[in-house]
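I am opening my notebook on a structure that is new to me. Come along while I look up a few things, one entry at a time.

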Amino acid sequence: RERRRDPEQALLVVRASKSEDEALPYLLYLQGGPGFPSGRPSAPPGGWMKAALNKYRVLLLDQRGTGRSTPVTSESLSAIGSAEEQAAYLSHFRADAIVRDCEAVRASVARARKLTLLGQSFGGFCILSYLSIAPEGVERALFTFGLAPVAVAVDDVYHATFKRMEARNARFYARYPEDVELVREIVSRLHREPVPLPPGGAV
């Protein structure tokens, strides 16, 4: 079948940081989203990347369907066929498939050494899948706002989140009372004139 029709034959792109120390362990970064490519390295490196490069060789994976890996777009989906065929195709882009890709990267790039995983948002969800599917490949797991609820209903999680946000908002407005009226004006304006977002939808 054509490559665009077979996600298991898709191109997968991973960037490896250069290091003179071959003994450094590998850190694989899993981007949030889903649907976003991995961040691009800068020169000189900054942020978390700068700190990580002192201890790791960093791997930046464009998860399947994103970035320079074979992308999934509305145009590519419309060429596949019926809604059922499109849904079947998209089933190959879940967290379990991303974990299998990570294992392939671990085997080929990291020479089967265990990985330290850094997951941001959806990347943290992928780490949970990784720990369930292939825990033998993980040295340690680092989560940044991506720890999914386990054995808890999602409604309970949202309820707790809303209460936390109420408390945080109260703290913010107590510290910056002059912003109360400004935020009200912004919200009122957005209700009257929604601002479109590039991928669709509105603020």
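This is a predicted model: local features need pLDDT of at least 70, side-chain atom pairs count only at pLDDT 80 or more; totals for chains, interfaces and linings use all residues.

**Notes on a strand and its neighbours**

I began with strand β2 and looked for its partner strands: strand β4 (residues 115-120) is joined to β2 by 5 bridges, and the two run parallel.

Which residue of β4 does Y29 face? I found Y29 opposite L118.

Next I checked β2 against strand β3 (residues 57-62), and these two also pair in the parallel sense, over 4 bridges. Here I noted L28 standing opposite L59 of β3.

I then followed how the chain gets across. Together, β2, helix α1 (residues 47-52) and β3 form a β-α-β unit, and I wrote down its hand as right-handed.

Is β2 buried or exposed? I found that 5 of the 5 residues in β2 (residues 26-30) are buried, so the strand is largely enclosed by the rest of the structure. I also looked at where the side chains go: Y26, L28 and L30 point one way, L27 and Y29 point the other way, and all are buried.

I picked out F143 and traced it to strand β5 (residues 138-144). Its relative accessibility is 31%, so I put F143 down as partly exposed; that label covers values between 20% and 50%.

Conventions. Residues are numbered from 1 along each chain as its sequence is written. Side-chain values use heavy atoms; hydrogens and water are left out. Buried means under 20% relative accessible area, exposed over 50%, partly exposed in between (1.4 Å probe, protein chains only). Two strands pair if DSSP finds at least two bridges between them. A crossover is right-handed if, with the strands pointing away from the viewer, the path from the first strand over the helix to the second runs clockwise.
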